Amino acid sequence: MQSNSYVIASVLKWLQQGEQVWLCSITSTWGSSPAPKGTLMAYCTKYGIAGTLSGGCIEEDLIEKMQQGTLLKANESFPIELVYGGSKEQQARFVLPCGGQLHLLVEYFTPDPLTLEHFTQLDGLLSKRELVGRKICLNSGNFSVLNKNIRRGINRLADNEQSVFIEHVMGPSYQMLLIGASEVARCVAQLAQSLDFDVSVWDHREEFIRNWQVEHVTVYRDSPEKLIREKFADENNAIIALAHDPRVDDFALVDALMTKAFYIGAIGSKNTCRKRNERLVNYIEDQKSLEKMHSPVGLDIGSKTPFEIAISVLAHVIQKRSELEKSLCK
């Protein structure tokens, strides 16, 4: 699944090129659904799809309606709301299990100045790794940007004038910084990109970095202090030490423990992790910060091979990311 940041950036790029764009938002779900509420998908006739709502079946139906113009013909104004899975026939047709439903908000944009300014603001704030929201009036179709006193999530609201709004607050993309260009790190990097993480690796050892071959992963070699402070310090980050070498792991973990990263982990046996903690105590100001480090990293699933270890690590990261998202949506 591509991140909402990617979808917003795609919408802006297409609008800047003079294209017309559809934007679909999952406003609520019922039962089992293929994607969570708040998920975005954009479609442009020239460039295709950015993001996903279901993995294919719902997208195909939506695109067919968009291309045929049936949505425009049936609705004189936008945005509109659609429900998929409202009947047994739809549940079977769109492969929505257990009576699942997706409620969608569908918007249609042309590259006018107001729309371009709207998505430029959204993209700019997301690029700065800030929370940003959209407020859409269902009665008039008017929209605006929200960036103060907001919490992540998508909600339906009404005011005293009986106007109905959708407020959708999005966070920046999730990042993962891997400490040490090890074989386990290679496996984690390959899998994590499919789980909506922008992945980077840090290692100062030239012999390990020289043959690092994972596509779309940024490699850093300089001191980690400035790197972590400037690029990986907010709560939308996971920082995981996988070098199994104190000269690499300890060096970066001192800085990682000073961040708000939602997940900090370090590989090793219980004995190795105990000794690491004893060393780190001498270099960190707040000794309680050690309590937020998952050490040994990952879930205990009996993993042995690098890919098995990667799965155990990412399963735990996903669990903690889900807890973070639930807390931010309250």
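**View 1. Trp202 is tucked away, buried at a relative accessible area of 0%.** This is a predicted model, and here we look at Trp202 in strand β11 (residues 197-202) together with Phe251 in helix α9 (residues 246-256), 49 residues apart. The ring centres sit 6.0 Å from each other with the planes at 55°, so this pair counts as tilted. Phe251 is partly exposed, with 42% relative accessible area.

**View 2. Phe109, Phe119 and Phe143 are linked by ring pairs into a cluster.** The structure holds 8 aromatic pairs. In the one between Phe109 and Phe119, the centres are 5.0 Å apart and the planes meet at 80°, so it's edge-to-face. Phe109 belongs to strand β5 (residues 101-109) and Phe119 to helix α5, 10 residues apart. Phe109 is buried at 4%, and Phe119 is buried too, at 0%.

**View 3. An open sheet of 4 strands runs in the order β7-β6-β9-β8, with antiparallel pairing.** The edges are β7 (143-146) and β8 (153-158), each pairing on one side only. From one strand to the next, the twist averages 20°. Between β8 and β9 (residues 164-170) there are 6 bridges, and Ala158 stands opposite Val164 in β9. Helix α5 (residues 113-127) lies across β6 (132-137), β7 and β9, at about 20° to β7.

**View 4. Ser25 sits in strand β1 (residues 21-30).** Ser25 is buried, at 4% relative accessibility. Leaving aside residues up to four places away in sequence, its contacts include Thr39, His103, Glu107 and Ile154.

**View 5. Two arginines lie over ring faces.** Arg205 is 3.6 Å from the ring centre of Phe208, while Arg321 is 5.1 Å from that of Tyr174.

Conventions: Residues are numbered from 1 along each chain as its sequence is written. This is a predicted model: local features need pLDDT of at least 70, side-chain atom pairs count only at pLDDT 80 or more; totals for chains, interfaces and linings use all residues. Side-chain values use heavy atoms; hydrogens and water are left out. Two strands pair if DSSP finds at least two bridges between them. Helices (H or I, at least four residues) and strands (E, at least two) are DSSP runs, numbered from the N terminus. Axes are lines fitted to C-alpha atoms, for helices over the stretch in contact, and angles run from 0 to 180 degrees between N-to-C directions. Contact means heavy atoms within 4.5 Å. Buried means under 20% relative accessible area, exposed over 50%, partly exposed in between (1.4 Å probe, protein chains only). Rings of Phe, Tyr and Trp (its six-membered ring) pair if their centres lie within 6.5 Å; planes under 30 degrees apart count as stacked, over 60 as edge-to-face and the rest as tilted. A charge sits over a ring if NZ of Lys or CZ of Arg is within 6 Å of the ring centre and within 35 degrees of the ring normal.
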